[in-house]
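Welcome, and please open the structure in your viewer. We will go from stop to stop, selecting a few residues each time.

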Amino acid sequence: MNAFDQIQKEYDVVIIGGGWAGLTLARQIRRGGQDVSILVVEASDSFRAKVGEATVEMTGHYFMKQLGLVNYLYRNHLPKNGLRFFFDKPDHSLSLTEMSEHGTTSIPPHPAFQLDRARLEADLVEMNREDDIQVLMGVKAKGLSIESDDNRHSVQLSVADCNTEIAARWLVDCSGRNRFAKKHKKLTRQENVPEHFSSWGRFKNIRDIDSMGDESWRKRAFGRFLSTNHFSGDGYWVWFIPLSGGYTSVGIVGEKDKFEKPPTKRESFLEFLMNYQAISELLDGAELVDFEAWGQLAYRADEFIFPDRWATSGFASMFLDPLFSGGGDMIALFNDHICKYILMDLAEPDRDKAQNILNQELAIANQTVKEFYQGLYAHVANVYPVIDSAELCSPLLAYNTAAYFLEIAWDYMSGSYLDQEYWQRKSYLRRGYMALELILQRQLIDTAKVLKSEDRYYRRNDEGFFESGADHYKYFVYLMGTAGRDGWRIDLRVKLWVEIFLKVIEAKLDFPGLANKMVVQQSILLPDLLGRPNLSTADKGWLLEKISEKFSEILSDEAERPVQVRVTEDSFHTEALEIKDSSGELTIDELDKLAKKAKSLWSQNQEYIAMPGMVPVFLAFARSQPDSIMDSVIDQRKAMGMDQQASESPVVEAV
């Protein structure tokens with residue numbers, strides 16, 4: 001029977017590409033409209049293993065709530081135990097249990113999954129067919145004609161020697177990196193994206209990470225193998241992702257300029273992995289089943305959905321970087337918007353009204369996704385310059401995770417990305433958060449230089465510490481998606497940023513415990529840091545003076561008379577403080593008691609949530625940021641290079 005015998009000449013929706021993005025979109029549209037005619041065209045006869053196995057909480061919400069796949073996912077795929085990072089020495093000589101580690105202790109409360117892509121896509125084909133969605137396998141889309149306004153698009157299909165043409169009210173390109181729609185319009189570009197390569201493969205017979213090490217090491221975390229495990233190096237990382245079929249996905253992502261020749265060949269890939277003591281332990285006796293590599297991962301686009309009733313999703317639209325497993329989040333955002341406007345358009349009998357809605361709202365939808373990409377890139381770009389330093393990267397990971405829960409995932413679960421009135425009204429917040437991220441990244445880059453120059457950059461990598469960052473998000477992880485908490489969220493979000501900035505300064509100045517000391521958190525506030533965004537070792541005196549002034553105020557209130565406290569660099573290493581009786585009325589015993597009180601206050605730590613709130617200050621700062629900041633060069637190493645070139649270029653004076 002001819003593959004085209006059963007197809008119609010016209011469909012409401014034609015989706016080119018039967019991968020994850022296209023198949024989930026078809027299911028989502030069907031769940032919202034039972035009478036919509038849908039055709040999915042996939043060029044391959046069967047599905048193979050692909051990258052993109054790891055998901056995070058926003059994608060988990062999409063699969064479970066928008067697609068109704070709770071039962072299916074838990075029966076056929078693995079739950080994900082968060083992101084886990086291991087920090088090695090520069091020569092990669094540490095065994096697994098000697099490395100410092102950042103990761104979850106147990107399965108997070110909001111589900112995410114490690115997906116077997118081939119199985120998922122094959123199963124989605126069958127689910128969609130059961131829902132009366134036509135899925136053609138082994139059929140290629142050869143050409144297209146996208147018409148303006150409300151006219152039908154045409155797609156030419158081919159299989160073997162058979163050809164046909166069909167019409168579609170809506171056409172969606174989900175063809176992956178092939179980008180079928182580029183025949184109509186070139187959308188993607190590679191400016192302002194990470195310049196990273198990746199190579200990966202599936203292995204079988206990987207050693208069980210949860211049976212390695214001694215009992216105390218194993219007890220630190222439940223289900224390490226369920227995590228997306230990252231082994232970090234200078235500008236690169238290696239992933240280990242478990243799959244339900246017994247295989248393990250292992251891959252490398254790296255900055256191309258850090259490699260003379262990236263390991264994108266099978267032999268160099270294996271050789272690279274075996275140079276790691278810990279990785280070679282995990283791969284002992286394992287077999288590489290398949291292999292693939294991409295010389296350039298990231299690309300972006302300014303638009304993904306158009307008033308002419310066509311759209312792109314998934315890899316056909318844009319891709320960033322797999323560091324935080326954010327590819328699924330992008331697909332969720334694409335598909336939610338595409339589904340919303342397809343269903344709206346098909347249900348609206350007044351065609352002029354439908355067209356007006358598309359003309360007005362799709363520009364905002366495109367801006368929403370563009371800014372989401374930028375925001376996610378800002379978090380990714382902060383990590384790469386310090387990814388191999390446990391001292392800098394571990395607290396940064398805790399911060400990024402908390403900010404994701406408090407901002408990105410929360411807004412998704414509450415439906416804020418589809419609420420255009422809300423999204424536009426909060427645009428100044430996104431500008432403010434972007435400005436904070438760019439300030440933080442510059443400080444991280446400079447701090448890394450200082451630590452390397454003083455031979456302190458790797459000093460915590462072989463401590464064998466275990467950190468989870470759970471203290472950051474325990475206050476809100478069960479509230480994610482709740483409406484009406486905007487002010488509270490802003491307060492916590494800003495405090496998170498102040499804390500991580502202080503953590504970075506703590507490392508830069510070698511002031512142990514700086515960020516968590518109650519006295520410091522009462523002394524160094526958001527206005528201070530915004531006033532000195534490039535705070536350096538030259539600012540030690542200012543910092544110590546600010547802390548001493550506040551400490552003197554606190555202790556004077558306790559003593560009910562003026563007292564001066566002098567905090568020095570030594571205070572952070574020996575707890576030594578200098579106490580002076582400004583009134584001259586205290587006895588030796590009273591002064592001794594006051595010194596003990598001062599020491600007690602100095603040793604008192606508090607969590608970031610107890611910092612003074614600075615919401616009005618942040619709101620003023622955010623509103624002062626120009627719209628153009630959302631189009632900033634995200635990698636501040638490049639931006640700083642541009643600034644340097646500009647400062648060194650000759651200046652022609654105006655006459």
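Start by selecting Lys-550 and Glu-553, whose side chains meet in a salt bridge with N and O 3.3 Å apart. Keep in mind throughout that this is a predicted model. Both residues belong to helix H17 (residues 540-559), where they sit 3 residues apart, about one turn of the helix. In an α-helix there are 3.6 residues a turn, so residues three or four places apart point the same way. Lys-550 is partly exposed, at 23% relative accessible area, and Glu-553 is partly exposed too, at 44%.

Next, look for a network. Select Arg-189, Glu-191, Asp-302, Lys-370 and Asp-631, which are joined by salt bridges that share partners. Within this group, zoom in on Asp-302 and Lys-370: their closest N and O atoms are 3.7 Å apart. Asp-302 is partly exposed at 33%, whereas Lys-370 is buried at 16% relative accessibility.

Now pick Lys-508 and Asp-446, another salt bridge, with 2.7 Å from N to O. This pair links distant parts of the chain, with Lys-508 in helix H14 and Asp-446 in helix H12 (residues 427-453), 62 residues apart. Lys-508 is buried, with a relative accessible area of 2%; Asp-446 is partly exposed at 29%.

Stay here and select the whole of H14, residues 486-509. How many of its 24 residues are buried? The count is 20, so the helix is largely enclosed by the rest of the structure. From first C-alpha to last, H14 reaches 35 Å, close to the expected 34 Å.

Most residues other than glycine have a negative phi. Asp-132, though not a glycine, has a positive phi of about 65 degrees; find it in the loop between helix H4 (117-130) and strand E7 (134-137). Ala-160 is also not a glycine and has a positive phi of about 50 degrees. Look for Ala-160 between strands E9 (153-159) and E10 (162-173). Asp-132 is exposed at 63%, and Ala-160 is exposed at 74%.

Finish on the surface by selecting Lys-140, Lys-142, Lys-182, Lys-183 and Lys-186, which gather in a patch of positive charge. Among them, Lys-142 lies in strand E8 (residues 140-145) and is exposed at 52%.

Conventions:
Residues are numbered from 1 along each chain as its sequence is written. This is a predicted model: local features need pLDDT of at least 70, side-chain atom pairs count only at pLDDT 80 or more; totals for chains, interfaces and linings use all residues. Side-chain values use heavy atoms; hydrogens and water are left out. Helices (H or I, at least four residues) and strands (E, at least two) are DSSP runs, numbered from the N terminus. Buried means under 20% relative accessible area, exposed over 50%, partly exposed in between (1.4 Å probe, protein chains only). Patches are made of residues with over 30% relative accessible area and no salt bridge: like charges are joined within 9 Å, nonpolar side chains (Val, Leu, Ile, Met, Phe, Trp, Tyr) within 5 Å. Accessible areas come from the Shrake-Rupley method with a 1.4 Å probe; for residues, only the protein chains shown count as cover. A salt bridge is a side-chain nitrogen of Lys or Arg within 4 Å of a carboxyl oxygen of Asp or Glu. Lys and Arg count as positive and Asp and Glu as negative; His and the chain ends are not counted. The place of a charge is taken as NZ of Lys, CZ of Arg, CG of Asp or CD of Glu. The expected span of a helix is 1.5 Å times one less than its number of residues.
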